[in-house]
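Me: Could you walk me through reading a few features of this one?

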Amino acid sequence: MSKLLVVDDEKGIREVIREYSEFNGHEVTEAEDGMTAVGFCKLDEYDLIIMDIMMPKLDGFSACKEIRKISNTPIIMLSARGEEYDKLFGFELGIDDYVVKPFSPKELMARVNAVLARRGGGETLNPDVLIFDGLEINIPARTVSIDGERVELTPKEYDLLFYLVENKNIALSRDKLLSDIWGYDFYGDDRTIDTHIKNLRNNLGKYRDYIVTLRGVGYKFETKN
């Protein structure tokens, strides 16, 4: 369980974030302004902070400056303003992500999970859920989500993706993929693998590049870690 600090002067937004965060297994503390948030950070440690910019007493940017003096806790900034200047200024202050209002709570949770995974030095928040940026893979539940939205795959596409992920950063030949996923009694050929990889990449959308083609060999699921 991760401890989140949600900072926003709008109670309704805090309640929505709390509901989705707790549903995802996180513990939530709320603050209604930046000054209160800084005070909380001096008294306790959090795994991630979700903070609005426009708030009374102390705005989000100023609060971020103060928090960075005492903590390197990852921060996701919320704002109704989507100007490039605001985003760049936020990243210069050391925030980890920037979400423009109105936002999808599901997408926000995907970003929360991705930031937690990166800061944790790995892809997992628990042994069952693998997270690579906005790509979330739950092998026991056989589910795949992209930026919080569920993606439906064919049974063999699930099998292929899970096998690649379980053997991430390992070169896998087409023959090995055929024998381990389709079985030794399968009478197809290498084109079966290529077709399924193509379809799988299409379903993964902007995260398709995690599946790397090894010319003359096969494929691998490549991560930075």
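**Reading helices and a sheet**

Reply: Let's begin at the start of helix 3, where a side-chain oxygen of Asp 59 comes to within 3.0 Å of the backbone nitrogen of Phe 61. A polar contact is a pair of N or O atoms within 3.5 Å; within protein, one must be able to donate a hydrogen and the other to accept it, and residues adjacent in sequence count only if both atoms are side-chain atoms. This is a predicted model, with pLDDT of at least 70 needed for local features and 80 or more for side-chain atom pairs, while totals for chains, interfaces and linings use all residues. Numbering runs from 1 along each chain as its sequence is written, and side-chain values use heavy atoms, leaving out hydrogens and water.

Me: Which residues of helix 3 are buried?

Reply: Buried means under 20% relative accessible area, exposed over 50%, partly exposed in between (1.4 Å probe, protein chains only). In helix 3 (residues 60-68), that gives Gly 60, Phe 61, Ala 63, Cys 64, Ile 67 and Arg 68. They cover an arc of only 160° around the axis, so they sit on the same side of helix 3. The arc is taken from the directions from the helix axis to the C-beta atoms.

Me: And how do I read the sheet?

Reply: Strands are DSSP runs of E, at least two residues; helices are runs of H or I, at least four, and both are numbered from the N terminus. Two strands pair if DSSP finds at least two bridges between them. Here, 5 strands form an open sheet in the order 2-1-3-4-5, with parallel pairing. Strand 2 (27-31) and strand 5 (97-100) each have a single partner strand, so one side of each lacks a neighbour in the sheet.
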